[in-house]
Amino acid sequence: MDSGWMAVWPVAAFFLGGLATQLTGWLNHRRQRAEKTEDTAAAFRQRREEFELDHLQRLNEALQVLGRAVGKAHHTDLITSRQTGHYAGTQLSPEDSDALGAANRDVHMLLGLVLDDSLREEVRNAHRLLNVPSGMHRSDVDQAEGAFARGVLALDAVQGRIAERVREIYLTSPGAVAELNS
């Protein structure tokens, strides 16, 4: 009986070794697949953050250009109001009109690429408020001044939110944290 068991042990060891090899291979495959999935997810997060950062920075610059164009148009309309008694009583120069139109197009184009829904709505609202004075042809000067002030306040607030989001991305990104610590 002992010699029978002795003959079975090499066969059993052979099968157990093969089973252990298969189990180890399967576990390694699962680990590699999980690592690949994590690497893919990390690469996607990095591309998303780079996309968002790029567009938020471009949007912030476009909003700044729009703010200057709106300010220049408002100033021109105020000067005109001294002569006519009405706000925006005459047309802007083609140069100022083109600058305002280009700035609006740039903001509008970048607006749709803002990933955060609430931030996108804030940008949309600031964009709308900044354009209210330019539509107030032959209006009361004080009302136009109030509309301009509301637009500027909305612009300041949304640029603050954009800066906050950029900081948030940099502070929560593993790559950015490593870069800051080096």
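This note goes through a predicted model point by point, from confidence to core, salt bridges and surface.

1. **Ground rules.** Residues are numbered from 1 along each chain as its sequence is written. Local features need pLDDT of at least 70, side-chain atom pairs count only at pLDDT 80 or more, totals for chains, interfaces and linings use all residues, and side-chain values use heavy atoms, with hydrogens and water left out.

2. **Confidence.** The mean pLDDT of the chain is 88, and 91% of the residues reach at least 70. Helices here are DSSP runs of H or I with at least four residues, numbered from the N terminus. Where pLDDT is low, the predicted coordinates should not be read in detail.

3. **Main core.** The largest nonpolar core holds 27 residues. Such a core is a set of buried Ala, Val, Leu, Ile, Met, Phe, Trp, Tyr and Cys residues joined through side-chain atoms within 4.5 Å. Leu59, Leu63, Leu66, Leu119, Val123 and Ile162 have the most contacts inside it. H1, helix H2 (94-111), helix H3 (117-131) and H4 each give two or more residues to this core. H1 gives the most, with nine residues. Apart from this core lies another, of six residues, including Ala88, Met136, Ala144 and Ala147.

4. Leu66 sits in helix H1. Leu66 is buried, at 0% relative accessible area. (Buried means under 20%, exposed over 50%, partly exposed in between, with a 1.4 Å probe and protein chains only.) Leaving out residues up to four places away in sequence, Leu66 touches Leu100, Ala103, Asn104, Val107, His127 and Leu130. Contact means heavy atoms within 4.5 Å. On the same terms, Leu63 is in contact with Val107, Leu155, Val158, Gln159 and Ile162. For scale along the chain, Leu66 and Leu53 are 13 residues apart in sequence and 20 Å apart, C-alpha to C-alpha.

5. **Arg165 and its partners.** There are 11 salt bridges in the structure. (A salt bridge is a side-chain nitrogen of Lys or Arg within 4 Å of a carboxyl oxygen of Asp or Glu.) One of them joins Arg165 to Glu52, 2.9 Å from N to O. Arg165 lies in helix H4 (residues 141-172) and Glu52 in helix H1, so this pair ties together parts 113 residues apart in sequence. Both residues are buried; Arg165 has a relative accessible area of 16%. Arg165 also bridges to Glu168, with the closest N and O atoms 2.4 Å apart. That pair lies within helix H4, three residues apart, about one turn. Glu168 is partly exposed, at 40%. Arg48, Glu52, Arg165 and Glu168 are linked in a network of salt bridges.

6. Arg58 and Asp54 form a salt bridge, 3.8 Å from N to O. They are four residues apart in helix H1, so about one helical turn separates them. Arg58 is partly exposed at 33% relative accessible area, and Asp54 is partly exposed at 34%.

7. **Surface patch.** Val11, Phe14 and Phe15 form a nonpolar patch on the surface, with about 360 Å² of accessible area together. Patch members have over 30% relative accessible area and no salt bridge; like charges are joined within 9 Å, nonpolar side chains (Val, Leu, Ile, Met, Phe, Trp, Tyr) within 5 Å. Accessible areas come from the Shrake-Rupley method with a 1.4 Å probe; for residues, only the protein chains shown count as cover. Phe14 belongs to helix H1 (residues 2-84). Phe14 is exposed, at 61% relative accessible area.

Methods: pLDDT is the predictor's confidence in each residue, from 0 to 100.
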